[in-house]
2 protein chains.
Amino acid sequence: MEKRKATCYVIRRSSKCLFDHLFHRTFDEPPLQWNSGSMRNFVGAFKQLSSQVEQASRNPFTSSYLSSNVADFNHASTTKCSQRSFSLWRRFYGSAATLIQKNLAFSDINSDDISYFKNILGDENVVHDADRLQVANTDWLHQYKGSSKLMLTPRSTEEVSQILKYCSTRCLAVVPQGGNTGLVGGSVPVFNEVIINMGLMNKIISFDQVSGVLVCEAGCILENLESFLDNEGFIMPLDLAAKGSCQIGGNISTNAGGVRLVCYGSLHGNVLGLEAVLANGTVLDMLGTLRKDNTGYDLKHLIIGSEGSLGIITKVSILTPPKLSAINLAFLACNDYLSCQKLLLEAKRKLGEVLSAFELLDSQSMDLVLNHLEGVRNPLPPSVHNFYVLIETTGSDESHDKEKLEAFLFCSMGSGLISDGVIAQDINQASSFWRIREGISEALMKAGVIYSYDLSLPVEKMYDLVEEMRMRLGHSAKVIGFGHMGDGNLHLVMSAPKYDDAILAQIEPFVYEWTSKHRGSISAEHGLGLMKANEIHYSKSPEVVQLMVSIKKLLDANGILNPYKVLPHSLLRLSG
Amino acid sequence: MEKRKATCYVIRRSSKCLFDHLFHRTFDEPPLQWNSGSMRNFVGAFKQLSSQVEQASRNPFTSSYLSSNVADFNHASTTKCSQRSFSLWRRFYGSAATLIQKNLAFSDINSDDISYFKNILGDENVVHDADRLQVANTDWLHQYKGSSKLMLTPRSTEEVSQILKYCSTRCLAVVPQGGNTGLVGGSVPVFNEVIINMGLMNKIISFDQVSGVLVCEAGCILENLESFLDNEGFIMPLDLAAKGSCQIGGNISTNAGGVRLVCYGSLHGNVLGLEAVLANGTVLDMLGTLRKDNTGYDLKHLIIGSEGSLGIITKVSILTPPKLSAINLAFLACNDYLSCQKLLLEAKRKLGEVLSAFELLDSQSMDLVLNHLEGVRNPLPPSVHNFYVLIETTGSDESHDKEKLEAFLFCSMGSGLISDGVIAQDINQASSFWRIREGISEALMKAGVIYSYDLSLPVEKMYDLVEEMRMRLGHSAKVIGFGHMGDGNLHLVMSAPKYDDAILAQIEPFVYEWTSKHRGSISAEHGLGLMKANEIHYSKSPEVVQLMVSIKKLLDANGILNPYKVLPHSLLRLSG
């Protein structure tokens, strides 16, 4: 309760005296902005905490509360047949069950293969250990499980090249694996593909202070890169809850988004170069460190977001922004979604160059977090408001940013866009605000089973889908809408006590059809993986899909790289 | 002289009393920042002026002073043979003479073709007029001239598709053409290719205030889009001197850079969607308007920067930033290049989120402009300094940005990085500063013939090349170095009274070898076009070039799209 009391409400209002409060504080209360020194520690500390909590909540091997859900998963799974012929793949929930037929053109591992790999990698990097393989075969959400009998852990590009060249000749299917934190079944085997884990390629190769360009191996863990850059006075242009485990190569392979995208843009803008190995072992050296290079087709963009199906990323060159010292965080309430929209427009205009996050939560998200997470408090009591918006600013001057934020809030309150709000006064408050937003996934897992969708939609249409889904499902499931509103990225999640085919039938294909109708994307930041490979036509035209298939065949003639993912397997098999 | 006297020197110093000057001004002189209202007009006005001047200086059809140079070009040209068999292509200067063999697989236009095109496009959009064809056959610098007898001006994607489908069947080579402002011979025919001019596809399709996403046809002129957005309170994320003529489709096809890249990033980050037509007439609808879309390979990136050789862009979706009201411009002098480097690092750190341009000029560039352009004055007399840096800030709050800039300048002067400097007080001063930077090309054209190179290099190595070149050439040519230092983009230009093979032999291949050795790019922002197609190996590995060739063949089996450009023709012909 002490901590609760200590919370300093800055722009709270329950009546029209709001403006008085704001100004009153300005003169009579201590400044509410933390200083740059404490902020540096704070960012590291609360992000680390959040990351740990998030990982604990998502990693099935460390999380006890997930056990019951895992049981549910198994309960809900469909029949799994022989690995050598046909198989009904397990799809627990979140999408209609997917039927995958094993590609019989792929070879199975034999003792000669093992000998070959041991010869080039050494015994210790050819992994048979059952426990390690179980971990590597299973995705974080325990929705997908492969049956690979072999994991390879190369230490160099040359080794990756040798592995792929061999696999290509032998027609051995492979799954590239980074931190295995993906949410769409893209980073685990479907059958018995060889797992190529990149974790040992974790060296930082160079960092240039003038250009801010970092060059490193693909297996570097995102958080380690962030720590390294922190000492150099820079930051990574992306930040994810999974950063304690996910690897930069995997981030780039999946074109990961996260909370900094609204400020620093996508990886297509920030990745300056890549080294990647094609299915036949060819090493593509595109590891430029230049901001500008117009010498022909920029092929690294084919690899970015291809989810390991066109090549394995081995090295990375990435533009990192200087670390700016001032960070502010406001937790605001809005009465309706239209106000949130207008607030976003105002924030872009008034906060301009310092706006670094604009996150949305609806009241159902807040309810969920308050009911299922220990120690989380409503920052704007007594009631739960219809919508919450988390706005972060990042800039080079504390007083400037504070002035901008306060002027923006003053104006937004005056025009009625905000019904209540608070600015974090210190690291603990900021941490507690982010905990609400980043704790939603954890709370959802505690609440029951989930049907989860990661969608991009035009901002003005984004919440219409949540409301339509709510109408559609009635009392059968809770419908929660939250996400990176600044990027038009909605996380739509249906929560129910147990898995029910009838609920799924109400959700799919409706959710994809609705998204497609509004020219949205069925995967904003998670990728297609195995989960949505067959749904690609909802977001891509037949001509574009056909060209993707042609490019896949051009770069990976035997289809050995991450098979069954990204593209409908039927197209790869049938179209010659 | 009145105007000259009116210039307000803000941070001038010739002694150690610099800091006194700075602080003195702060309190005793009027503020030197223009207000947001006047700034809006100013930006439009001086950019328009710069653009007009730049165009006048570069467009051979409106510029009288270029005539003598054109004569020089012709004098220096190599033999031109029959268009129907072999031809030595004219290369006047700027690279070693290029020998191009016409691809005899291409058909020549016949009367049936003309009838077909008139049938689908109407008579008025099938252009035979000699004057219009002469313009369309010649590039801006008069370095390249084709002999096309036919220009088509489609009005819709469907028409572009019909044209290409037909050309593909008939094996008629085509050259997509936007504003024809390219500098590497990419936008004009080499022989008698059909020109497809996109100028009539110039409609704005939609603009969304919330997301800032503009959707338009490819033939929209950049400046028209800028004007449209100005009324909406937004700006284009790119700005070029040629913006009065260049088209957005051409900008994206060439992945154009410009002065805003340091702030808003490249077109790979800002282009959200494209519609493009492939060589066989297939329309690729990738015209998404979403900031995030991870549904498979992002094929629009293949088209961006492919210089019309993989497809013709017909529609564009682009993320536009809100127009921020405060702009400051400082013109600074440095004693040595190391100081410029350190200044860049300091600017990135101290100006952070408001740094919007960081341009470099050496003393030779300044000399040239002062000697050859009317009405241009040295902003920092009496002497010419070794280096000049133009720093622009763009932000949402005038007083904040001014404070940041002054603090940065104060610190940089204190540490000796700046030897002199001035902040523009009003629109006229800002315009005169930009005129110096943007007038270099014009001054170069007046001074004689030029050997021009657009290079990306690591910032710390950038000026070494200029100095080495100066040593190498001695008194035979002046060597000028300037460019977008914030992006590591050097414009290296050698200026001589007349063309001389011996000078060229001193420059090439040395300049490419040096660039390659330092992992630079032989084309930062201009593309490869015809000029550098055969030099691609200096910036790309054989494996990457081979994959480009394979992709070219996959998307354009007969090679009809912009032949002889981007990739070495020999590879396209020989590699199956």
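**Figure 1. The loop of P382(A), between helix 14 and strand 14 of chain A.** In this predicted model, P382(A) sits in the loop that links helix 14 (363-372) to strand 14 (387-395) of chain A. The peptide bond joining P381(A) and P382(A) is cis. Its omega is about 10 degrees.

**Figure 2. A cis peptide bond between E508(B) and P509(B).** Omega is about 5 degrees for this bond. P509(B) belongs to the loop between helix 19 (501-507) and helix 20 of chain B.

**Figure 3. N180(A), a residue with positive phi.** N180(A) is not a glycine, yet its phi is about 55 degrees. The residue is found in the loop that runs between strand 5 (174-177) and strand 6 (194-197) of chain A.

**Figure 4. Helix 18 against helix 20 in chain B.** Helix 18 covers residues 462-473 and helix 20 covers residues 510-517. Their axes are 11 Å apart, and the packing angle is about 150 degrees. Angles over 145 degrees count as roughly antiparallel, so helix 18 of chain B is roughly antiparallel to helix 20 of chain B. The crossing of these two helices is right-handed. From helix 18 of chain B, the contact takes in D464(B), L465(B), E468(B), M469(B) and R472(B). Helix 20 of chain B meets them with F510(B), V511(B), W514(B) and T515(B). By class, this contact of helix 18 with helix 20 of chain B holds 5 nonpolar, 1 polar and 3 charged residues.

**Figure 5. Helix 14 against helix 17 in chain B.** Helix 14 (residues 363-372) and helix 17 (residues 440-447) of chain B pack with axes 9 Å apart. The angle between them is about 70 degrees. The range from 65 to 115 degrees counts as roughly perpendicular, and helix 14 of chain B is therefore roughly perpendicular to helix 17 of chain B. Helix 14 of chain B crosses helix 17 of chain B in the left-handed sense. S365(B), L368(B), V369(B) and H372(B) represent helix 14 of chain B in the contact.

**Figure 6. Helix 16 and helix 17 of chain A.** The axes of helix 16 (residues 427-438) and helix 17 (residues 440-447) of chain A come within 5 Å. They cross at roughly 50 degrees. Helix 16 of chain A and helix 17 of chain A are therefore oblique to each other. R435(A), I436(A), R437(A) and E438(A) make the contact from helix 16 of chain A, with I440(A), S441(A) and E442(A) from helix 17 of chain A. By class, the contact of helix 16 with helix 17 of chain A has 2 nonpolar, 1 polar and 4 charged residues.

**Figure 7. The interface of chain A and chain B.** Here 93 residues of chain A contact 93 residues of chain B. The two chains bury about 7100 Å² between them, and 57% of that area is on carbon and sulfur atoms. K292(A), N294(A) and Y297(A) supply 15% of the area that chain A buries against chain B, more than any other three residues. Across the interface of chain A and chain B there are 8 salt bridges. The side chains of K292(A) and E525(B) form a salt bridge, at 2.8 Å from N to O.

Key. Residues numbered from 1 in each chain as written. Chains lettered and ligands numbered in written order. Predicted model: local features only at pLDDT ≥ 70, side-chain atom pairs only at ≥ 80, totals over all residues. Heavy atoms only, no water. Axes fitted to C-alpha atoms, helices over the stretch in contact; angles between N-to-C directions. Helix = DSSP H or I, 4+ residues; strand = E, 2+ residues; numbered from the N terminus. Parallel < 35°, antiparallel > 145°, perpendicular 65-115°, else oblique. Left-handed = near helix turned anticlockwise from the far one by under 90°. Contact = heavy atoms within 4.5 Å. Buried area = accessible area lost by both parts, 1.4 Å probe. Salt bridge = Lys/Arg side-chain N within 4 Å of Asp/Glu carboxyl O. Nonpolar A, V, L, I, M, F, W, Y, C, P; charged D, E, K, R; others polar.
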